[in-house]
Amino acid sequence: MASRGAKPKPAHLRLIDGTRNVTRHGTESKLRKIAEDASAKFGKLLRPKSLKGEGISAWKRYIEPASWLDGSKEAAAIAFCELWQEFRFAPTSFPASKHGQMRAYMSELGLTDERNRIGSDGKGKKEDGGFA
C-alpha cells in the first residue's frame with residue numbers, strides 16, 4: 001500500500017539543492033556525515049557491461065553526473081537506461097505505461113528536479129533529449 005505525501009529526500013539531495021532545515025535534519029556537517037556513511041555502505045555505482053548503444057549514452061548523460069547516486073540505486077539506474085534505450089529505438093511504438101515507468105525511475109533517481117541538472121542555471125532550460 002502506498003504512503004501519502006512526498007517521498008523523503010535523501011541526504012545527498014538535501015545538500016545539493018540546499019533544502020536542509022537545521023531543526024529537522026541537523027547541521028550541515030551532520031547531514032554530510034549521514035550522506036557519506038550511506039555512500040560508503042552501498043559503494044560506488046558502476047556501469048554494467050551489458051548496456052549497449054543508447055543505454056550507455058543515457059548512463060553517461062544522466063547517471064554518471066549524478067554524484068548523489070550510490071550502489072543502492074543500481075537496479076533503478078539500469079532499468080532506466082534500458083527503458084531509455086528502448087524509447088530512443090522506437091519512440092512511436094513506446095507505450096504510455098513504459099513512459100510512466102521511465103519517469104518514475106527518473107524521479108526515484110532524483111533526475112527530474114531542475115536544480116539537480118548538470119549545467120542548469122535553475123531557470124528550467126530544456127535540453128533536447130527526446131524528453132519534454
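First, a caution: what you see is a predicted model. The pLDDT averages 78 over the chain, and 76% of the residues score at least 70.

Now helix H3, residues 28-42. H3 has 15 residues and spans 21 Å from first C-alpha to last, close to the 21 Å expected at 1.5 Å a residue. After H3 comes Gly-43, with a positive phi near 85°.

Next, the pairs. Helix H4 is residues 54-63 and helix H5 is residues 74-89. Their axes come within 8 Å and cross at roughly 125°.

Which residues of H4 make the contact? They are Glu-54, Gly-55, Ala-58, Trp-59, Tyr-62 and Ile-63. From H5 come Ala-77, Ile-78, Phe-80, Cys-81, Trp-84, Gln-85 and Arg-88. By class, the contact of H4 with H5 holds 9 nonpolar, 2 polar and 2 charged residues. As you look at the numbering, keep one general point in mind. An α-helix has 3.6 residues a turn, so residues three or four places apart point the same way.

H5 also packs against helix H6, residues 96-109. Here the angle is about 140° and the axes are 9 Å apart. H5 and H6 are therefore oblique to each other as well. Is this crossing left-handed or right-handed? H5 passes H6 in a left-handed crossing.

On the H5 side, the contact uses Ala-76, Ala-77, Ala-79, Phe-80, Leu-83, Trp-84, Glu-86 and Phe-87. On the H6 side it uses Lys-98, His-99, Gln-101, Met-102, Tyr-105, Met-106, Glu-108 and Leu-109. The classes here are 11 nonpolar, 2 polar and 3 charged.

One last detail on H5. Ala-77, Phe-80 and Trp-84 are among its residues in contact with H4, and Ala-77, Phe-80 and Trp-84 are also among those in contact with H6.

Technical notes:
Residues numbered from 1 in each chain as written. Predicted model: local features only at pLDDT ≥ 70, side-chain atom pairs only at ≥ 80, totals over all residues. Heavy atoms only, no water. Axes fitted to C-alpha atoms, helices over the stretch in contact; angles between N-to-C directions. Helix = DSSP H or I, 4+ residues; strand = E, 2+ residues; numbered from the N terminus. Contact = heavy atoms within 4.5 Å. Nonpolar A, V, L, I, M, F, W, Y, C, P; charged D, E, K, R; others polar. Expected span 1.5 Å × (residues − 1). pLDDT = per-residue confidence, 0-100. Parallel < 35°, antiparallel > 145°, perpendicular 65-115°, else oblique. Left-handed = near helix turned anticlockwise from the far one by under 90°.
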